[in-house]
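Take a look, and then we'll walk through it together, from a single residue out to the whole protein.

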Amino acid sequence: MLYALGLLAGLLSPVASAQAHPEAPPETPRQTLVEQLHGVTVADPYRWLEKTEAADVQAWVTAQNAYSAYHLDGLPLRDAFAQRLEAIWDYPRRGLPQIAASDARVYEANSGLQEQPVLYWQASAEAEARVLLDPNALADDAPVSVGEYALSPDGRLLAYTLSQSGSDWRTLRIRRTDTGEDLATRIPRVKFSSLAWTADSKGIFYARYPAAPANADPLFDPLAHQSLRLHRLDAEGGGTDRVVRQAPEHPRRGFSAQTSEDGHWLWIAAWEGTRHNLLSAQRIDAAGRATGADIPLVTRLQHDYAVVGHQNATVFVLTDDGAARGRIVAIDLKAPQRRHWRTVVPEGEEVLRDARMVGGRLVVHALRDAASVLRVVSLQGDAMETIPLGGLGTVTGLSGRQDQSALYYGFSTTTVPTRSYRLDLSETPLTPVLVHAPPPRFDAASVVTSRAFATSRDGTRIPVLLTHRRDLDLDRTHPTILYGYGGFNIALTPRFSTRAAAWVDAGGIWAVANLRGGGEYGTPWHEAGIRENKPQTFDDVIAAAGWLIHNGYTRSEQLALHGASNGGMVVGAVVNRRPDLFAAAVPAVGVMDMLRFHRFSIGWAWKPDYGDPENAEDFAVLRSYSPYHNIRPDTDYPATLITTADHDDRVSPAHSYKYAARLQWAQSGTAPILLRVEREAGHGAGKGTQQRIAEARDVLAFSAHFTGLAVAADAAADWKPLLPCVAISRLGKRARLAGVPAPIGTWPP
């Protein structure tokens with residue numbers, strides 16, 4: 001119950017004055033807004049910043065950007081990092097082909113510094129590739145990017161979605177591959193949708209949300225009542241829609257569709273959050289019309305299920321049902337009851353992350369200690385073969401068809417960008433053939449990656465992946481960035497990062513911690529870092545930081561903590577607990593208000609991981625670590641760069657606005673609290689190359705300054721590293737650089 005609400009006078013005047021003096025943070029007005037939630041008094045002094053489009057909030061954002069730009073522009077290594085990032089970024093990239101029944105194919109490619117990847121089309125594997133869709137030519141005042149895309153079975157049409165300014169909202173279009181011209185089809189309100197063609201190449205299954213009513217109903221929920229639809233094309237290039245699946249009794253339910261390669265089956269998955277889905281099958285004709293009754297395969301939201309292929313009347317499904325680390329089962333569509341399921345690939349020590357049926361066999365991507373393993377298995381589950389990958393790295397994708405023996409896959413390591421390979425599964429022995437290899441952009445031979453294990457508070461081993469120069473001395477003087485995520489069953493695996501490459505190339509250490517809540521070790525690992533167990537994720541970060549310090553890699557005065565999205569929330573929660581452990585923090589697009597996250601955009605879908613703030617028990621846990629609510633006044637916080645984007649409709653920028661305002665108010669030290677708001681950008685997908693480079697430049701220069709990394713700023717071309725030093729500049733550095741800390745025995749203490 002809201003029992004006090006007031007707004008301090010002079011709402012806009014501090015914003016105006018802050019613009020005149022950007023060296024000082026804007027004096028953000030505080031509301032005296034207090035609520036009783038589950039019998040607990042909760043203050044929310046910056047709720048007015050939730051109205052992100054309001055004129056006063058926009059003025060405040062402008063003032064915050066001026067304040068952050070004033071300081072970021074003066075960072076000694078900003079220009080050097082910009083040059084080095086662009087040099088490393090400038091290499092040709094090529095995605096895996098999406099192959100149609102006709103053998104036509106489409107793939108993404110970027111020559112290096114193009115703002116958005118371009119879609120290329122080939123009539124066959126041997127045919128010459130040509131540009132089919134260049135989103136860079138579509139951009140006007142705001143960046144435009146391609147979301148999902150699907151090639152029709154006959155290869156003549158491409159269904160694709162377009163996003164503006166990185167938004168999750170997209171418009172469905174259809175393009176002819178022979179002329180590059182778009183048909184008349186324009187379908188808005190598409191979000192969280194798959195694309196699947198009918199066998200006759202005249203229909204596309206997709207999902208969309210209803211349009212807002214004309215009377216602007218204030219109770220209208222734009223992310224409710226998604227429906228799965230079939231769009232049938234007409235002779236004029238337009239078409240008609242019919243609803244295939246909807247659930248009025250479950251307004252939060254969403255749908256995705258997948259058609260079998262022969263076009264005879266439609267698989268429909270239904271979801272109501274980030275975990276678990278239902279699954280059904282339906283026999284369809286070439287036009288997408290049902291020719292039989294719906295066959296329910298899974299009717300309870302308890303596990304995850306993904307169709308990886310089918311043979312005749314048997315569908316192969318990857319699931320964690322009955323297997324915490326995953327298994328593949330064969331389901332006979334004539335007897336689909338769970339008791340009849342046949343295990344093809346049983347649960348093992350490795351975590352199954354992805355699979356695809358290619359050439360009548362199953363290609364299985366698994367993780368062993370958060371690094372990729374790729375295997376080929378028969379449909380009976382025997383004759384397992386391992387595909388050589390060449391080191392500690394990540395399989396970045398699988399592509400191929402059931403009726404062809406060619407498998408395409410991507411593989412990346414921390415020092416080598418993604419390479420594409422082709423593998424003929426009919427050959428013995430299996431011999432990968434390199435299809436695309438980007439040229440090296442930095443001296444990878446001088447860099448080494450290793451895996452270590454920290455011990456968390458409860459004794460759990462936490463993998464930490466370390467990348468640094470080979471000649472590193474363990475003398476505790478190395479500026480280090482520790483990166484973590486720990487949520488939503490997502491695994492952080494060793495892969496190439498331009499940002500990490502530039503940091504390591506400059507002499508720093510890049511460390512990635514595999515935190516509980518992620519997907520590195522299957523369902524138990526995920527569940528050990530969600531809901532009431534979420535605080536264990538923060539224990540894991542503190543343990544990883546302590547391990548780096550104890551083993552001579554760095555010290556707290558030279559340690560920066562980074563994370564994005566859920567990882568941004570982790571950064572905020574950890575820094576609240578241990579502000580003394582880090583010299584700098586960079587929470588990006590973070591979920592910072594854990595008591596109201598479900599009220600913004602798609603936030604309600606995160607309840608399976610976070611819990612429900614409307615539930616008293618969940619509320620108590622959320623309140624205990626919510627980054628926004630646990631900021632302590634008059635505390636010496638590390639230098640903090642908070643990044644977000646004005647068009648982020650995944651994690652509302654209001655999270656970062658409120659968190660930044662409260663942290664600036666609470667800061668008692670001299671280290672700056674900066675808010676950097678990217679204009680015309682979203683949560684991350686669709687962000688242009690120059691936007692990415694500029695953000696990485698600021699993040700690395702900021703981290704370098706406050707961890708004491710120094711390089712020759714006038715020699716960015718050959719990037720000559722200097723000895724790390726701790727410099728106190730006009731940004732201000734807390735006066736707590738008093739030597740190396742005492743050795744740590746058991747961590748955490």
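Leaving aside residues up to four places away in sequence, Ala501 touches Ile88, Phe442 and Phe496. You'll find Ala501 in helix α4, which covers residues 498–505. Keep in mind that what you're looking at is a predicted model. Is Ala501 buried or exposed? Its relative accessibility is 4%, so Ala501 counts as buried, given that anything under 20% falls in that class. Now pick out Glu680, which sits 179 residues from Ala501 along the chain; the C-alpha atoms of the two are separated by 27 Å.

Next, hop over to Thr689. This residue belongs to helix α11, made of residues 689–707. Which residues does Thr689 touch, once those up to four places away in sequence are set aside? They are Trp89, Asn110, Leu113, Gln114 and Glu115. Thr689 has a relative accessibility of 4%, and therefore counts as buried.

Time to zoom out. How many helices and strands does the protein have? There are 11 helices and 40 strands. The radius of gyration is 26 Å, close to the 27 Å that the globule rule gives for 749 residues, so the protein is as compact as a globular protein of that length. If you draw a box along the principal axes, the C-alpha atoms fill roughly 70 × 65 × 50 Å.

Among contacts with a separation of 6 or more, 58% come from residues 24 or more positions apart. The accessible surface comes to about 28700 Å², and carbon and sulfur atoms account for 50% of that. As for charge, the protein carries 76 positive and 81 negative side chains, and the centres of these two sets lie 2 Å apart.

The mean pLDDT of the protein is 91, with 92% of its residues at 70 or more. Over residues 712–717, though, the pLDDT is below 50, and this stretch has 10 contacts in the model beyond near neighbours in sequence. Residues 719–749 also stay under 50, and here the model has 87 contacts beyond four places in sequence.

Conventions: Residues are numbered from 1 along each chain as its sequence is written. This is a predicted model: local features need pLDDT of at least 70, side-chain atom pairs count only at pLDDT 80 or more; totals for chains, interfaces and linings use all residues. Side-chain values use heavy atoms; hydrogens and water are left out. Helices (H or I, at least four residues) and strands (E, at least two) are DSSP runs, numbered from the N terminus. The radius of gyration is taken over C-alpha atoms; the globule rule is 2.2 Å times the number of residues to the power 0.38. Contact means heavy atoms within 4.5 Å. Accessible areas come from the Shrake-Rupley method with a 1.4 Å probe; for residues, only the protein chains shown count as cover. Lys and Arg count as positive and Asp and Glu as negative; His and the chain ends are not counted. The place of a charge is taken as NZ of Lys, CZ of Arg, CG of Asp or CD of Glu. pLDDT is the predictor's confidence in each residue, from 0 to 100. Buried means under 20% relative accessible area, exposed over 50%, partly exposed in between (1.4 Å probe, protein chains only).
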